[in-house]
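Open the model in your viewer and keep the selection tool at hand. This tour goes from the whole chain to a sheet, its helices and the cores.

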Amino acid sequence: SSSSSSLRGQNTGTMPQPTSIAARAVGLEADPPVVVAVGRMFQRKGIGLLSKVIAHVCCIHPTVEFLIGGDGPDRILLEEMREKHQLHDRVTLLGSVNHNDVPNVLRRGHIFLNCSLTEAFCMAILEAASCGLHVVSTNVGGIPEVLPPELISLSDPTSEDLSVTLLECLSQPALWAGNDDYRPKRQHLIEVGKAYNWQSVALRTHNVYKSLSVTPSQDGSPAIPRAANISTPSSTALINCFRTAHHLGIGFAQVFQILLLVSFGLLYIILVLSRWS
């Protein structure tokens with residue numbers, strides 16, 4: 001197809017693509033699925049993890065293509081992987097992408113792949129879902145709270161688990177394939193719109209502040225702030241950040257954890273003082 005051919009680089013002839021008949025024989029669409037990844041290329045974004053996943057998935061899935069946008073010091077990892085496995089015809093590196101052009105890049109794909117090792121929110125997966133892509137992402141930081149479960153497939157931050165999750169999604173075309181008028185795009189827009197309209201955001205913000213308010217004691221003892229309960233969503237995200245911080249490297253991980261503790265402690269003190277003042 002024209003969209004497929006626009007994604008391909010120079011054909012090296014080392015990994016020929018299957019014909020349409022062969023693709024249908026193994027249950028694949030003749031038009032190959034395209035996995036998109038867009039973001040800055042440095043360690044925290046998991047570019048080393050991304051390079052391993054691409055190499056593994058391309059060895060197993062005969063037609064999948066990868067469209068990668070972004071630039072940074074870790075881009076060399078993707079270039080080396082593409083050269084080593086001779087994937088020039090299946091992995092396209094766009095380089096730096098202007099923010100205004102990101103939606104156009106996303107719409108050229110079917111699945112969005114996020115390999116971040118730590119994230120507070122991850123706007124990139126929200127943008128991808130808004131463009132109709134199913135999201136495959138590492139289960140770190142606040143990412144599990146961003147999208148409804150039907151729009152995202154979560155994975156441990158390892159190349160093995162992330163590859164398995166991506167291959168499972170590729171084996172289910174209902175998640176990402178279909179005619180151009182629908183695909184899952186309209187449903188994605190509806191679901192994202194429900195979660196991120198201003199009324200919904202205001203209600204969830206209100207509920208967070210309410211959950212952090214002081215719980216009256218039943219026996220007359222001093223009241224206990226709800227902020228001490230680690231089951232609140234913000235605390236869950238904090239714990240996930242601690243669990244994945246070791247991926248940041250020696251030294252920086254400890255600094256990152258200390259900053260998290262200080263920030264959360266200050267927030268806790270401010271909330272308690274404002275309630276009791």
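Start with the whole protein. Among contacts (heavy atoms within 4.5 Å) between residues at least 6 apart in sequence, 66% join residues at least 24 apart. This is a predicted model, where local features need pLDDT of at least 70, side-chain atom pairs count only at pLDDT 80 or more, and totals for chains, interfaces and linings use all residues. Residues are numbered from 1 along each chain as its sequence is written, and side-chain values use heavy atoms, with hydrogens and water left out.

Now colour by secondary structure. The protein has 11 helices and eight strands. Both are DSSP runs numbered from the N terminus: helices are H or I with at least four residues, strands E with at least two. Of the 277 residues, 42% are buried, meaning under 20% relative accessible area with a 1.4 Å probe, protein chains only; exposed is over 50%, and partly exposed lies in between.

**The sheet**

Select six strands in the order β3-β2-β1-β4-β5-β6. They form an open sheet with parallel pairing. Two strands pair if DSSP finds at least two bridges between them. The edges are β3 (91–95) and β6 (152–155), each pairing on one side only. Neighbouring strands are turned by 20° against each other on average, direction ignored.

Zoom in on β2 (residues 65–69). Four bridges join β2 to β3 in the parallel sense. Find Phe66: Val91 in β3 stands opposite. Axes here are lines fitted to C-alpha atoms, for helices over the stretch in contact, and angles run from 0 to 180 degrees between N-to-C directions.

Move to β4. Which way do its residues point? Ile111 and Leu113 point one way, Phe112 and Asn114 the other way, and all are buried. β4 pairs with β1 over two bridges, in the parallel sense; there, Val36 stands opposite Phe112. β4 also pairs with β5, over four bridges in the parallel sense. On that side, Ile111 faces His134.

Show helix α7 (residues 159–170). Helix α7 lies across β1 (34–38), β2, β4 (111–114), β5 (134–138) and β6, at about 170° to β5.

**The cores**

Select the largest nonpolar core, which has 31 residues. Such a core is a set of buried Ala, Val, Leu, Ile, Met, Phe, Trp, Tyr and Cys residues joined through side-chain atoms within 4.5 Å. Leu50, Ile54 and Ile68 are among those with the most contacts inside it. Which element gives the largest share? Helix α3 does, with eight residues. A second, separate core of 22 residues includes Val102, Val105, Val140 and Leu147.

**Two last stops**

Pick Cys58 in helix α3. Cys58 counts as buried because its relative accessibility is 4%. Arg90 is 32 residues from Cys58 in sequence, yet 8.2 Å away in space, C-alpha to C-alpha.

Finish at helix α6 (residues 123–130). Ile125, Leu126, Ala128 and Ala129 are buried there. They cover an arc of only 160° around the axis, so they sit on the same side of α6. That arc uses the directions from the helix axis to the C-beta atoms. After α6 comes Gly132, with a positive phi near 95°.
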